Every structure is written in structure tokens, then in C-alpha cells.
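Welcome! Please take a look at the sequence and the 3D structure below, and then read on for a short tour.

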Protein chains: 2
Amino acid sequence: MAESSPVRFGILGFANIARKVSRAIALAPNATISAVGSRSIEKATAYAKENGYPSTTKIYGSYEAVLDDPEVDAVYVPLPTSLHVKWAVLAAQKKKHVLLEKPVALNVKELDVILEECESNGVQYMDATMWMHHPRTAKMKEFLSDSQRFGQLKSVHSTFAYLGDTEFLENNIRVKSDLDALGALGDAGWYSIRAILWTSDYELPKTVTALRDPEFNEAGVILSCGASLSWKDGRVATFYCSFLANMAMDIVASGSKGNLRVHDFVAPFYTVEGSWIGELATSIHPAPSEHQVNTDLPQEALMVKEFSNLVGSIKGKGSKPEKKWPTISRKTQLVVDAVKASIEKGFEPVEIIY
Amino acid sequence: MAESSPVRFGILGFANIARKVSRAIALAPNATISAVGSRSIEKATAYAKENGYPSTTKIYGSYEAVLDDPEVDAVYVPLPTSLHVKWAVLAAQKKKHVLLEKPVALNVKELDVILEECESNGVQYMDATMWMHHPRTAKMKEFLSDSQRFGQLKSVHSTFAYLGDTEFLENNIRVKSDLDALGALGDAGWYSIRAILWTSDYELPKTVTALRDPEFNEAGVILSCGASLSWKDGRVATFYCSFLANMAMDIVASGSKGNLRVHDFVAPFYTVEGSWIGELATSIHPAPSEHQVNTDLPQEALMVKEFSNLVGSIKGKGSKPEKKWPTISRKTQLVVDAVKASIEKGFEPVEIIY
């Protein structure tokens, strides 16, 4: 890792989430913060200081200046979703690798513009879905893929929610129709949808049907919603996402032989196999097993590390960008779009055409 | 309890489930097995012996004979669902209190015939939904009802499943169209639907929409299915029930302030409140609390005890039958019917008219 020089990140803007990813870049052994751009150079200077950016960090008064800096290899884009297409495309054109905050785009048409630009410029694209990069995710996948322990996937439900306070529900970019029009669906729902696709080896469902009666704010932005997904082989998935419920990150997956239960996308997960119940019901046997997977770095730093590894290979060895990340990002967006379309069509089923 | 004489049960038939409830009757301090009826007196004699019935148990060669026995106060009816309306009605007419195995009826029209007969004959009706009677259920309800800890219910998902082996999937009454035409919906789905209604204080949803693509056997009996329920206030529920997945009894309920998680309708449950996650994600805080509620008797015996208490009050003190039990049974059946109707209508939403 340390053989090649670290990937030099430029950060466009300083949304709240940028704070977390900045720290992750600082923690990752193969990445460094090189530049930050903001519309206000004063604010950016204060922000860089507050967040302990290296003293060598260049502070620019515009996003363009970051993209023009030849000492920036990659950009992290935490801007409001409505600005993603503009800035991610410009970044790719300037040959900067793109780590894009989710929701990545307002719809798949926009995302395709971004992905095509990244591809034609040979830069790596990755969405910032952090839990994918924790080693527990691979461990869980191992269980799900085990035909003896988990068997065939039959059903999965995911809840991803957190409780927005008054300040959040009035002023956060996630509830502003001009900034993040997808609201809770794009933010919390993104995680549930990704989790569901992940359990299905990214096989897209045939049909997506929104659950009735989502909640909206006055501007029409989704504050809570859900959907069911079906695959035509009896496999079903449901999810609920919300800014109006206590924080939850639930995955309950039923296989023909076992179950996976996750209630936190970071902490231990639980598996159980071959369950049965006695004649006088005192408990289902066997008890679920707890799996704690430890990691030396928090998952956001592992994400930066993985992204930087890919960027390093492209820079150092002339490797091609890894297609997995744009592919699963696009599939996630397709389901997001289908849920939105189903809501708009009065909860009619929407077929996904890939 | 021991002041009055125990409630004398007659058992109609000896389905597999009767074994469990027979033991429960034996364990309950206020109940006793008085008679068992079967179409074969030889089989019934052997069965009574095998299962340690009291030597005083009268063995009858017909169900009618049990109903005609004046020393029988109440009957437990574990017959196939298609026979419930006939035998529960006859039992009520003979002034026997009715503990009815679920699914209680093929549809609400049939159930209404049973309930009306029970009401007009002044006998207690209860469906055999055992987990309702465990003290942990009351403890969980306490949490759900706590506006400070759980807040307002936003979303609930329930999975109730078990894996039928080849013998079960070919020969069990639960997969026979002439015996238990509701299949997994009536059997496993009954629990999920009851659990969902229970979280909602038995307020019926406005709309029920079946999930697409249930699995059926060759006779058209449901082997797995699911549905979404909505209440017009943003509250949503989803469930999945199946004979084709590893045993699971999941309830994950999201409130505005807390979460309830159940993975076994008997063992400990988990609550968490006011959750938050740190800036570098290592875990959601606080950790969920485990609640183990102990009981002196298994839940099936507690069910018999509660039913027998009600019967004892009617017999001894001239009390009226408790209306809670027929009411929630009917509501559960209404949702079962709506799921079935939605499946038959190609997964269209079905409005529930109460």
C-alpha cells in the first residue's frame, strides 16, 4: 500500500457528511487531503482548520479550482444531489476519479451521464455507501452464499430510518425539493435498496411496488416511504425508510435453511440455521449466533482505502477502473427510480428494465 | 383459581397440534381433559394412552358424543379448517365453550356464523394463538404503548415461517385444498397478521395489498406469500409467511423514538430507544436491551389457563363471555381474507370494510 504515493483527494464543498469522509481520508493509509473548494474561501479556511486538515491543504474559493489542480487525483463530492451531475461530469472530464456521495443522482438518466463520462475518461467511480466496505459485510455475504447454512433466499426486509429533529426537517438539504428531491428515499432508502440488492447478488427485481401512503413535507419531498420488490421466483423483499422514526438499520433475511439478522450496519450480526421449536414452546432452537467482526479502521476509512487502491492501480499500473461499483450504483438507482415512479403512478407496480 | 372446579375439556380429533394443547390442558391448574372424540375409537384409545391423558378420560367414537357429554364444559377444536364451521357451531349450540385452532375459518363469512352462534349461546370463544398469552407479550406491549420510549408506531414487519419437509409438503393438512385451503397464509400468516394488528392496537388497516408472486403447490394452496398494510397516516406494515423458509418469528417495529425486535415468539425480545450513531461509525448507540420474561408455565398452558378463567367466570359467576377474543379473531380473519382477495385480484389493493 505504502509503496505508491497516497491518492490526493480534493473535496467539493463541506456538507456535514464531508466531515466524516475527511476524517476517513485522514485515517486511510493510502489517501490524503490535498485540496478543498468552497464558494467562500473564508468558510473553507475555518472549516479546514476546525477539522484538522493537513496544513498543506490548498483552500480554493471555487469547485473549478479544485478540478484544475494537477495535484488532485480524485474528488469526493458531498454536494446536494441536484448538483452531482454537473460537478461529477466536470471532475471526470478533468480526469479526476469520483467518490460520489449518495443519493448519487436524481434519476438514472442523470447517473448515466455521470457514469458514461467516468468511463470515457478512464476514471474510477464509486458511491459512498460505507457499510459495503466493512469486513463484516463480506462475512455476512459468506453466510448468505452458503447453500448449506442459509440455503436459497426467500424473503428480506430492511428498515433504514433515523429521526430528524425540527431543525433537520426544516433546513436540512435532504428535505429540500431543489437540492435533494428524493428525500428519505434517496438518503435512507438508498441503504435499504442496496442491502436488498446485495442479498440478491445484485439481481434486479422484475417488479417494484411502492407501499401506499408515504409521508411528504409541504414541498412534496418524501419523509417516509417503502416498497415491495419481487423476482418472479417467489423471492420477495420489502423495505421502509424514514426520517420520522428512531434510528434503525435492519436487515432480516429468510433463507430456506437459515436466517440473517442485522440491526446496525456496523455492530455484530446474527445468524441461525436449521431452526425448530419444541412441543411445549419455550424457545426456537438453536439460539442465534452472534458474529462480531473487528476492523482496524472504521468502515468509512475502509471505503476510502478501497477506492484509493483502485485509483492507485489505475495511476500506477494502468489498470482499468473496477466496473463493479458503477454497476451496482446504477442498479440501486434503477430501484430508487422505480419506487418513485410507483408512488407517482398511485402505487402501481413498475417493471424494471435493465 | 383452585377454588372452583377445573374446566372440563373435550377434544375433537387428534391432529398433531392437539398433542401440544392436550399437554397444556394437563399443565393448566384450572383445566382438565374430560373426553376425546375421534372417528376411530381404537386410534383414540391408543392416542389417549400415548399422550398420558387421565385414566378417567372418556373416549368417544364420534365428535357428536363429546358434544353430548354433560361433563364437558369446553371443546378444543384442532380439526382441519374446512370442518371448523360445522363443529364449532354444533359445539356452541350444545353450550360448549370453544377454543378454536387457527386458521379459525376459511373466510370471515364462516367465522361470523361461528361467532354469532357462540354469542347467542353465551359461550366463550377464543382462537388458539398461544404467544398472545405469554407475559412477555404484555411486557412488549408496555414498551410499544410508551409514548416516551417507543413513541408513535411508524412501521412494522413480521416474518413467520418454517420449513416443511417433503412429507409435510405432500401430506400435511395445511397444504390440502379441501382441508386448509388458506395454506401458509392461514397458518404462518395468521401469526404475522395478528402480530401486526397487535402492534397497532387492533386498528384495522385501510388497505391491504398482497406482495406479488406468492408460491403455490399444484393444488393451488399458498406455500409462501406476503402483503403490505397501510393505515393512511403513514403507518405501514409488511409481512412474509412461508412453509419454505427456515423457522422465523420476526417482528421488527419502528417507532418515532424506539424499536422493538422479536425473533422468536417465546424467547427474549429487544428494545432500543433514542438511537444515534457517532461521526466515525463504530456502532449505533445505545446497544439494544434484552428482555427475558420468565413464566412458570409454557405459553400454551397460559392460554388454556386464561380461557378456563373466562369459562370459570361464566359458569361460576354468570359473567358474560369476554368480547376481546372474538373481536381480534375476526379482525385477523378480515386481513387474511383481504390478502387472499388481493392475490386473486392480481395484487390489487383491497380495502377493509369493518
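Predicted model: local features only at pLDDT ≥ 70, side-chain atom pairs only at ≥ 80, totals over all residues.

Residues are numbered from 1 along each chain as its sequence is written, chains are lettered from A and ligands numbered from 1 in the order in which they are written, and side-chain values use heavy atoms, with hydrogens and water left out.

**Where chain A meets chain B**

- Chain A brings 60 residues to the contact and chain B brings 60 residues, where contact means heavy atoms within 4.5 Å.
- About 5100 Å² is buried between chain A and chain B, with carbon and sulfur atoms giving 57% of that area; buried area is the accessible area (1.4 Å probe) that two parts lose on being put together, summed over both.
- There are 6 salt bridges between chain A and chain B, a salt bridge being a side-chain nitrogen of Lys or Arg within 4 Å of a carboxyl oxygen of Asp or Glu.
- D213(B) and K232(A) meet in a salt bridge through their side chains, at 3.9 Å from N to O.
- On the side of chain A that touches chain B, strand β12 (residues 244-255) of chain A gives the most, with 10 residues; helices (H or I, at least four residues) and strands (E, at least two) are DSSP runs, numbered from the N terminus.

**Two domains in chain A**

- Chain A splits into domain 1 (7-131 + 298-322) and domain 2 (134-297 + 333-351), with bounds that come from an automatic or database domain assignment.
- The C-alpha centres of domain 1 and domain 2 of chain A are 27 Å apart.
- In chain A, 22 residues of domain 1 are in contact with 24 residues of domain 2.
- Between these two domains of chain A, about 2100 Å² is buried, and carbon and sulfur atoms give 63% of it.
- The two domains of chain A share 2 salt bridges, and K102(A) and D187(A) form a salt bridge with 3.0 Å from N to O.

**Two buried residues**

- R194(A) sits in helix α8 (residues 183-199) of chain A and counts as buried because its relative accessibility is 0%; buried means under 20% relative accessible area, exposed over 50%, and partly exposed in between (1.4 Å probe, protein chains only).
- Beyond its neighbours within four places in sequence, R194(A) is in contact with residues including D127(A), W131(A) and Y202(A).
- T209(A) belongs to strand β8 (residues 207-210) of chain A and is also buried, at 10% relative accessibility.
- Leaving out residues up to four places away in sequence, T209(A) touches several residues, among them F347(A) and, in the other chain, R212(B).

**Salt bridges within a chain**

- Over all chains, the count comes to 38 salt bridges.
- E50(A) pairs with R19(A) at 4.0 Å from N to O, linking helix α2 (residues 41-50) with helix α1 (residues 16-27) of chain A across 31 residues.
- E50(A) is exposed at 58% relative accessibility, whereas R19(A) is partly exposed at 22%.
- D73(B) and K315(B) form a salt bridge at 3.1 Å from N to O; D73(B) lies in the loop between α3 (63-68) and β4 (74-77) and K315(B) in helix α9 (residues 299-317) of chain B, so the pair ties together parts that are 242 residues apart in sequence.
- D73(B) is buried at 8% relative accessible area, while K315(B) is partly exposed at 40%.
- In chain A, a network of salt bridges links R8(A), D73(A) and K315(A).
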